[in-house]
Amino acid sequence: AVVMVCVMIPSVRVISDAMRTKEGGVATATAKYVLGGLYTSDRTLAYTRLAIGAFQTWLVLERIFFSKVGVLCNKGSGCINMGGKNILTTFTVWNWVLQSLFFLTTGAIGLLSPKAKAKVPRRAFFTLWVMFEVLFATALLVSIVVWAVILPKLNAVEASGDFDPVQMALRKKMFWGRFGLCAHILNVVFMVGDGVLNR
């Protein structure tokens, strides 16, 4: 609840500022909030966003091309190979990929000169603002579902003894491995950090 309030306050400020602006409405007001740093310089925020976006992109590409995850099987519903491009079948990965797109885009626009920024369409800033709001909510959703629903169920199945040990080890590797921890914890950390650092 505290995190939601911390993110909602800047959104309310943007909307109230937008109502007071005469030229361009919400799209004009969001440009400074999407790119501007509240506690850091705009350039520092842009470089931080580029670093986060690069890290997220590297992690997904590493998982697609170099990770050997394995095949998950469920009783009665068949098996799915979770290696390679098949990881793109999960909501978590799409949330992670869209976050990297958001961070790379806002970072790149943030490094443009003032003259070049003026040429960026207003609608782009509005889109990035809405993208942040949606990605923040989905990051929370992904983390809550994984930590409050999926992992407790996985632990209950393990405690019952009714499981294939190889499949259980594979599932644990998916959640407790480098990619799983990053995609289920850092997604929220990155979005909260961005919400706190930008205007």
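Biologist: Why is Glu62 called buried in this predicted model?

Modeller: The relative accessibility of Glu62 is 18%, and because a residue counts as buried under 20%, Glu62 falls in that class. Glu62 belongs to helix α3, which covers residues 42-65.

Biologist: Which residues touch Glu62, once its neighbours within four places in sequence are left aside?

Modeller: They are Ser67 and Arg178, and the word contact here rests on heavy atoms within 4.5 Å.

Biologist: What makes the crossing of α4 and α6 left-handed or right-handed, and at what angle do the axes cross?

Modeller: The axes of helix α4 (residues 91-110) and helix α6 (residues 122-160) come within 10 Å and cross at roughly 145°. The crossing is left-handed, a term used if the near helix is turned anticlockwise from the far one by less than a right angle.

Biologist: How do you know what kinds of residue form the contact of α4 with α6?

Modeller: Residues of α4 including Phe91, Leu98, Phe102 and Ile109 meet residues of α6, among them Phe125, Met131, Leu135 and Val142. Sorted by class, the residues of this contact comprise 13 nonpolar, 6 polar and no charged; Leu and Phe, for instance, count as nonpolar.

Definitions and conventions: Residues are numbered from 1 along each chain as its sequence is written. This is a predicted model: local features need pLDDT of at least 70, side-chain atom pairs count only at pLDDT 80 or more; totals for chains, interfaces and linings use all residues. Side-chain values use heavy atoms; hydrogens and water are left out. Helices (H or I, at least four residues) and strands (E, at least two) are DSSP runs, numbered from the N terminus. Buried means under 20% relative accessible area, exposed over 50%, partly exposed in between (1.4 Å probe, protein chains only). Axes are lines fitted to C-alpha atoms, for helices over the stretch in contact, and angles run from 0 to 180 degrees between N-to-C directions.
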